[in-house]
Every structure is written in C-alpha cells, then in structure tokens.
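This briefing covers a ligand site and a set of aromatic ring pairs. Please look over the sequence and the structure first.

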Amino acid sequence: MSTATKYGTVWFVGAGPGDPDLITVKGRGLVERAGAILYAGSLVSEAAMRWAPASCDIADSKDMTLEQMSAWLIERAARHEVVLRLQTGDPALYGTLIELVQPLDAAGIPVAVVPGVSSAMASAAAAVESFTLPEVTQTTIFTRVEGRTPMPAGESLRELAAHRCTLCIFLSITLLQKVEVGLREAGWPDDAPVLVVHKASWPGEERIVRGTLATIKQRCREAGIVSQAMVIASPTLGARGWPELAKSRLYDASFTHRFRKASA
Ligand code: SAH
C-alpha cells in the first residue's frame, strides 16, 4: 500500500467444515488474492490454503492471544489490500468475530465477512438428516453446554430442550454427560435418537455415530471420539427410514403459494 494511513480490508472468511471443496467460490477467490492470511489452526483444513499465492504471508493463530491476532491483522492491513481471517465453518458461530472486529473498527480498518458452511450443516449432510420436518419440528437451536464459558440465563440445555426441536450442540463432545442430564431433565426419553458426527466432511476422516440418549456416550467412547464433533439431538433423526411422513404443505396439491395455484 502506498501510504501508511490507507488500509486494506480484513475479510473474515468461513472456510467451511473441513473439506476444502466446501469453501465458497467467493472465499476461494479471496484466498487466491490474499496478501496475508491468519487461519484458525486447530480446525481449518490446511488444504484451504492450497490456493494462496506463493508470496502470501500466512500464520496459524492457534498459539496467539486475541490481542496478538488483532495486532497481526492490523499490521498486515497496513501493507496489503486483501487480508484474511480464515475460520472454520461460518464466522458467525463461536468464532470470536466481534472480539476481532472491534479493534479493527477502532483502528479505522474496513472489515467484511464471507459466510461459510457450518459444521452443523455438514453434519446433517453427512448423515442424510433434515433438521426440520413438517409436523415434527420447524425449529433448530445452535447451542453448547456449559464448559468454561458460562451459559446465559434461560439457555441451559434443560430449558432449550423443552422445545422438543432440533438441537445442534457445538463444543460439547467431552461433556456428553451434561448433554444427557440436560435432555433427561427436559423429559427426553432414553430411546430419543442422538447423532454424533466427527470431522464432518473431512475427506477420509469423517465418522458418524448413531445412538440414543441412553447409549450415545458409550458409543462415542468405543469409537474413541473426543474432539471435533457435532452432537445432534432431534425428533427428526432417522426419518429417512420412517414408513409414514407428513408431507410438506408447500408441495401439497391443495396448498396455494406464490408460485403455484392450488389444484384442489
Ligand atoms: N464456526 C464453526 C464452529 C466453531 S466452534 C462452525 O460454523 O462450524 C468448534 C466446534 O464446531 C467443535 O467443537 C465442533 O463441535 C464443531 N465442529 C467444527 N468443525 C467440525 C466438523 N468438521 N465436524 C463436526 N463438528 C465440527
């Protein structure tokens, strides 16, 4: 950049859940143009970096504090037109987006976000499951159980699970005991289906474990799954094999909507 006061843009780019092919076309285009990339080392597949130019200044943020990450991004934005913060899944979910944007705003650096395929969606895809089904549930909650980050009032799993909707539980594979307790307290039965997907979409590494509220902990222990996993509890799980399915009203012949007149 020509002057020290003119900054490039810092792009927060969702790299997707692991399969390098699941970054968006826009995200990939930015990787190809990036002067500098700060990536989230623990989860973002390094393969996503295969499109970065040879001259690109690339760093792994896994051993950095938030302050060090901000300082890194600010310094690079003074030298490059396109600077990327590449993060796993979608940047809007558990990604310290706001914590990193605030110091950039304070420094007067332009910021933009490119969404990514969240691991929640990749997990549903891996298992061929739908989070919503007509007359079963029309709601999905993205949550976690309490670890070191406290849960705000009203957001305990017991309270959320009382809705009997789909629950995508992030960051909780080592806390399956708490998941089990929360669901039980909300009245979910022993045989409620629970799905765990480890490394959803990672080529050759994805694993799917199916169980019930009563068995999932043991199944995951047997499979040795202790990290990078999505826990999904939902009344829709396994619907692919149900003999009777309430069809979506949108495709019902008696239902008029914007694109079609009812025939009956
Ligand atoms: N922003 C990310 C979530 C980051 S939090 C997203 O949208 O997916 C990290 C948590 O995401 C992990 O603890 C795990 O629960 C989940 N996760 C990330 N990648 C995953 C993958 N490929 N398969 C299953 N779960 C994954």
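**Ligand site and ring pairs**

Domain 1 (9–114) and domain 2 (119–239) each contribute residues to the shell around the ligand, so the ligand lies between them. The domain bounds come from an automatic or database domain assignment. This is a predicted model: local features need pLDDT of at least 70, side-chain atom pairs count only at pLDDT 80 or more, and totals for chains, interfaces and linings use all residues. Residues are numbered from 1 along each chain as its sequence is written, and side-chain values use heavy atoms, with hydrogens and water left out.

**The shell around the ligand**

- Around the ligand there are 18 residues, counted when one of their heavy atoms lies within 4 Å of it.
- Pro17, Leu93, Ser119, Ala200 and Ala229 come nearest.
- The shell holds 11 nonpolar, 5 polar and 2 charged residues. Ala, Val, Leu, Ile, Met, Phe, Trp, Tyr, Cys and Pro count as nonpolar, Asp, Glu, Lys and Arg as charged, and the others, Gly among them, as polar.

- A ligand nitrogen sits 2.9 Å from a polar backbone atom of Asp90.
- A nitrogen atom of the ligand is also 2.7 Å from a polar backbone atom of Leu93.
- Ser119 uses its side chain: one of its N or O atoms there is 2.7 Å from a ligand oxygen.
- The protein buries 94% of the 550 Å² that the ligand exposes when taken alone. Areas come from the Shrake-Rupley method with a 1.4 Å probe.

**Aromatic pairs**

- The whole structure has 2 aromatic pairs. Rings of Phe, Tyr and Trp (its six-membered ring) pair if their centres lie within 6.5 Å; planes under 30 degrees apart count as stacked, over 60 as edge-to-face and the rest as tilted.
- Tyr94 and Phe170 make a tilted pair, 5.0 Å centre to centre with 45 degrees between the planes.
- Tyr94 is in the loop between strand 4 (82–87) and helix 3 (97–106), and Phe170 is in strand 7 (residues 166–170), so this pair ties together parts 76 residues apart in sequence. Helices (H or I, at least four residues) and strands (E, at least two) are DSSP runs, numbered from the N terminus.
- Phe170 is buried, at 9% relative accessible area. Buried means under 20%, exposed over 50%, partly exposed in between (1.4 Å probe, protein chains only).
- Phe142 and Phe170 are edge-to-face, because their ring centres are 5.9 Å apart and their planes at 75 degrees.
- That pair links strand 6 (residues 140–144), which holds Phe142, to Phe170 in strand 7, 28 residues apart.
- Tyr94 is partly exposed at 39%, and Phe142 is partly exposed at 35%.
- Ring pairs join Tyr94, Phe142 and Phe170 into a cluster.

Notes
A polar contact is a pair of N or O atoms within 3.5 Å; within protein, one must be able to donate a hydrogen and the other to accept it, and residues adjacent in sequence count only if both atoms are side-chain atoms.
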